[in-house]
Amino acid sequence: MIFSLNQKEHEQVDKLLMTSEYNDNVATFLNEEVINQIVTDEVKKDYRIQELKISDYPVNQQYQNIKRPIKIKDYELKDEVYQPYQCFLYDDISVDEDDYFLIKNYVGYFTKAYRFLTLQKDGTTWMSLIPHEINTMKKDIKNVSKTIYIFGLGLAYFPSLVSQNVAKIIIIEKDRTVIEIFKKNILPHLAYPEKYTIIEEDAFTYARTLPLDAFAFIDLWHNVDDGLDMYIRLKKVFKNHQHIHYWIEESLIAAIRHLFINLIEEELYHPNEFDYKTAKNLPDEIINKLHHHFVDKKITSYQELKELLTTDYLKQLVTCL
């Protein structure tokens with residue numbers, strides 16, 4: 001990028017950089033000091049942590065009937081518990097694009113214990129029926145088609161939400177053990193089991209055969225860290241598709257935006273200090289690709305940068321990375 005900013009525009013870009021740093025500091029603090037901790041009056045006030053009602057997150061009766069714990073190979077179906085006043089993320093982030101991309105984190109707690117079903121592999125939770133999963137999946141239920149493709153099986157919570165409104169549910173899952181657990185222990189308790197078809201296949205292999213007009217929901221990751229690479233790769237595969245929905249996409253885009261802002265700071269304040277040819281990790285690779293994509297881009301105002309950082313633009317940009 002080639003910057004030509006007057007003092008006022010420079011100040012606006014500086015505010016963007018400061019807001020990004022603030023977002024990063026808040027996220028670090030929440031993850032290290034608040035999430036999974038007992039809420040205090042101080043953090044409740046400072047970080048707008050919400051008291052949630054258990055009645056707003058009733059246990060899905062279909063899943064309540066599943067027997068557990070059940071262990072098959074390195075997977076296990078088992079209950080976990082949010083303790084009273086234990087803090088947790090209960091929704092995807094939201095971003096205020098008109099306030100220098102300020103991020104709002106949704107942290108809450110219950111005043112009573114909340115028990116939920118999980119699918120774990122080697123002690124790591126891959127899916128759980130918690131408020132965060134419930135809230136983030138509700139957003140993609142609207143306008144589903146008669147046939148829906150689900151990439152990633154897990155506990156099959158999203159397909160269970162839409163099963164009443166679709167004729168066929170096609171789930172792509174490569175892990176044979178996960179399929180076995182689902183067929184034996186979960187599917188018999190779900191409504192409309194006849195609508196489910198499970199295809200044992202690698203998601204990226206199957207993705208290349210998906211019809212252009214297909215409606216698909218992608219749920220292959222359990223957080224941004226392990227999902228960012230897959231998200232970028234699938235966005236390229238599905239470049240010409242119109243009805244592809246990605247779980248926690250707002251957070252995935254925010255991660256890319258954060259790297260883009262890091263690049264802006266580097267090129268504005270430390271030009272020529274980085275070669276953008278070598279990469280030690282995925283974030284380095286993304287920053288390098290962003291640099292080469294915008295190497296000749298002239299920036300004369302904050303507004304130009306803002307347009308490059310909007311969610312809609314970044315969703316399109318990802319397909320070029």
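## A parallel strand pair

Strand 12 (residues 168–173) pairs with strand 13 (residues 196–200) in the parallel sense, over 5 bridges; pairing requires at least two DSSP bridges between two strands. Ile 171 lies opposite Ile 198 of strand 13. Between strand 12 and strand 13 the chain passes through helix 6 (residues 176–186), and this β-α-β crossover is right-handed, meaning that, with the strands pointing away from the viewer, the path from the first strand over the helix to the second runs clockwise.

## Basis of the model

The model is predicted: local features need pLDDT of at least 70, side-chain atom pairs count only at pLDDT 80 or more, and totals for chains, interfaces and linings use all residues. Residues are numbered from 1 along each chain as its sequence is written, and side-chain values use heavy atoms, without hydrogens and water.

Helices (H or I, at least four residues) and strands (E, at least two) are DSSP runs numbered from the N terminus; the protein has 12 helices and 16 strands.

## Helix 11

In helix 11 (residues 302–309), Tyr 302, Leu 305, Lys 306, Leu 308 and Leu 309 are buried, that is, under 20% relative accessible area with a 1.4 Å probe, protein chains only (exposed is over 50%, partly exposed in between). Viewed down the helix axis, these residues fall within an arc of 160°, so they line one face of helix 11; the arc is that of the directions from the axis to the C-beta atoms.

## Overall dimensions

Of the 321 residues, 49% count as buried. The C-alpha atoms fill a box of roughly 65 × 50 × 35 Å along the principal axes.
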